[in-house]
Amino acid sequence: MAQGVPWAEVFRRSPGASLLATGFGAGLLPGAPGTWGSLLAVLVAEGLFALSGAGAVVLLAALATAGGVPASTRVAALRGRKDPPEIVVDEVAGQALALAMLHGVLPAASSPALRWGLVALAFGLFRLLDVAKPGPVDRVQSLRGGWGVMADDLLAGLGAGIGAAAAAFLLR
């Protein structure tokens with residue numbers, strides 16, 4: 001059963017958890033689900049930042065993590081797979097964490113070109129760490145349930161956030 005339970009059945013059994021876990025369907029888009037989830041996080045985080053500042057991005061990361069752990073636990077169990085690639089709430093949480101760290105050090109008066117360049121850097125670093133899974137990023141996947149789904153992306157987000165925040169600090 002390489003594919004697991006069909007997504008239609010998973011959504012029927014747990015629509016709310018499935019919607020959250022798949023990033024409102026972003027993880028079901030063709031190609032690279034993790035990249036779609038990360039792009040969703042960038043769009044939402046940057047919209048929140050424009051409306052309410054860095055605190056809103058921190059809140060997005062916290063809510064995606066708090067909701068993502070139980071949602072991914074439920075959906076992975078229903079799907080019959082430890083970490084289905086279509087679950088992207090972990091990418092949303094990790095990417096939002098990286099962006100929250102960036103916005104925490106980037107001065108509000110920074111030029112749009114610098115800000116968007118650093119957002120692109122945070123995105124690229126996050127995707128690199130999420131895909132390559134160096135050292136502890138790989139090891140935390142062995143945690144049980146939703147924590148195993150979420151923890152690697154949170155560590156990747158932390159690493160990407162440190163890198164992007166350091167670049168922002170040096171370039172400001």
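Predicted model: local features only at pLDDT ≥ 70, side-chain atom pairs only at ≥ 80, totals over all residues.

A: The protein chain exposes about 8,000 Å², and 72% of that comes from carbon and sulfur atoms. Now let's head inwards. Of the 172 residues, 49% count as buried. The chain has eight helices and zero strands, and its C-alpha trace spans about 50 × 35 × 25 Å along the principal axes. A compact globule with 172 residues would have a radius of gyration near 16 Å, so the 16 Å of this chain agrees with that.

Next comes the part you asked about. The largest nonpolar core has 37 residues, and Val75, Ile87, Leu99 and Leu102 touch the most other members. Helix 1 (7-13), helix 2 (15-21), helix 3 (33-52), helix 4 (54-79), helix 5 (89-105), helix 6 (112-132) and helix 8 (145-171) each give two or more residues to this core. Helix 4 is the top contributor, with nine residues.

Let's zoom in on Ile87. Leaving out residues up to four places away in sequence, Ile87 touches Trp7, Ala21, Ser72, Val75, Ala76 and Val149.

What about contacts across the chain as a whole? Among those with a separation of 6 or more, 75% are between residues 24 or more positions apart.

Methods
Residues numbered from 1 in each chain as written. Heavy atoms only, no water. Helix = DSSP H or I, 4+ residues; strand = E, 2+ residues; numbered from the N terminus. Rg over C-alpha atoms; globule rule 2.2 N^0.38 Å. Buried < 20%, exposed > 50% of the residue type's maximum accessible area, 1.4 Å probe, protein only. Contact = heavy atoms within 4.5 Å. Areas by Shrake-Rupley, 256 points an atom, 1.4 Å probe, with all protein chains shown as cover. Core = buried A, V, L, I, M, F, W, Y, C linked by side-chain atoms within 4.5 Å.
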